[in-house]
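Student: Could we walk through a protein model together, one question at a time?

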Amino acid sequence: MQREYLQWDSPSLGRRMELLWFGHAGRPVLTFPTSMGRFYQYEDFGIVGALADRIEAGALQLCCLDSVDGESWYAKDRHPSERVRRHDQYDRYVREEVCPFAVSRAGRDDLATFGCSFGAYHAINVACRYPDRVRKAVGFSGIYQMHRFLDGYWDDLCYFHSPAAYVANFDDGWVRRVSRVELVVATGEHDSLAEANREFQDILRRKGIPAVTELWPGVWGHDWNFWSEHARRFLP
């Protein structure tokens with residue numbers, strides 16, 4: 001399997017960012033790590049291996065990103081307004097740097113996003129904010145309402161980075177745009193975040209946005225073996 005380590009100094013973030021690229025052909029998939037995870041996490045915990053045959057066959061390419069969660073949502077030493085501003089800079093890094101890079105490198109524009117746990121938040125948020133760039137988004141065991149990270153603080157930037165808030169208020173035009181994205185929102189029915197997933201799934205249904213919404217019966221679902229199994233179902 002083709003594997004390459006890449007890095008560059010991000011103007012959006014003012015720091016060096018690293019990533020791993022797996023594959024030589026196929027749909028490019030931006031892969032976001034779990035809470036405060038690193039760019040090598042999906043390799044270390046077996047998801048790259050679970051998809052190795054498809055990567056080697058040229059069906060998909062994984063662009064495994066780093067995070068700045070420890071500088072944004074999880075930075076409890078910073079005021080919540082600073083946390084969300086730092087996340088917004090990360091959002092700009094993904095939109096203005098990573099997306100064009102991935103499309104150019106892959107030579108195709110059917111970009112997908114994928115993430116587990118907090119990575120699911122990133123994957124779904126990017127897709128819902130930029131549906132003209134992302135064709136498919138898969139989120140396992142995610143959280144989509146960001147109040148718990150903001151200590152009671154709320155402003156417009158918080159709102160526009162909280163999918164459960166802004167998707168619920170989409171107008172018809174935005175509903176049509178996001179409806180073109182293949183959305184997958186799933187976790188186990190005994191996951192501690194199962195209710196958060198139900199709530200977001202219900203928002204999508206009420207807005208008439210097509211999505212695959214699953215609560216895997218009888219399981220916890222918030223772990224790598226479940227994510228690896230279902231990644232094979234939904235990627236590419």
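Here is our conversation about the model.

Tutor: This is a predicted model, where local features need pLDDT of at least 70, side-chain atom pairs count only at pLDDT 80 or more, and totals for chains, interfaces and linings use all residues. Residues are numbered from 1 along each chain as its sequence is written, and side-chain values use heavy atoms, leaving out hydrogens and water.

Student: What radius of gyration does the protein chain have?

Tutor: The radius is taken over C-alpha atoms, and the globule rule is 2.2 Å times the number of residues to the power 0.38. With 236 residues, a compact globule would come near 18 Å, so the chain agrees with its value of 17 Å.

Student: How much of the protein chain counts as buried?

Tutor: Buried means under 20% relative accessible area, with exposed over 50% and partly exposed in between (1.4 Å probe, protein chains only). Of the 236 residues, the buried share is 57%.

Student: Which helices and strands do the buried residues of H9 pack against?

Tutor: Helices (H or I, at least four residues) and strands (E, at least two) are DSSP runs, numbered from the N terminus. Helix H9 covers residues 194-207, and its buried residues include Phe200 and Leu204. Counting contact as heavy atoms within 4.5 Å, the buried residues of H9 pack against helix H5, helix H7, strand E7 and strand E8.

Student: Which glycine just after H9 takes a positive phi?

Tutor: H9 has 14 residues. Just after H9, a phi of about 75 degrees is taken by glycine 208.

Terms used
Expected span 1.5 Å × (residues − 1).
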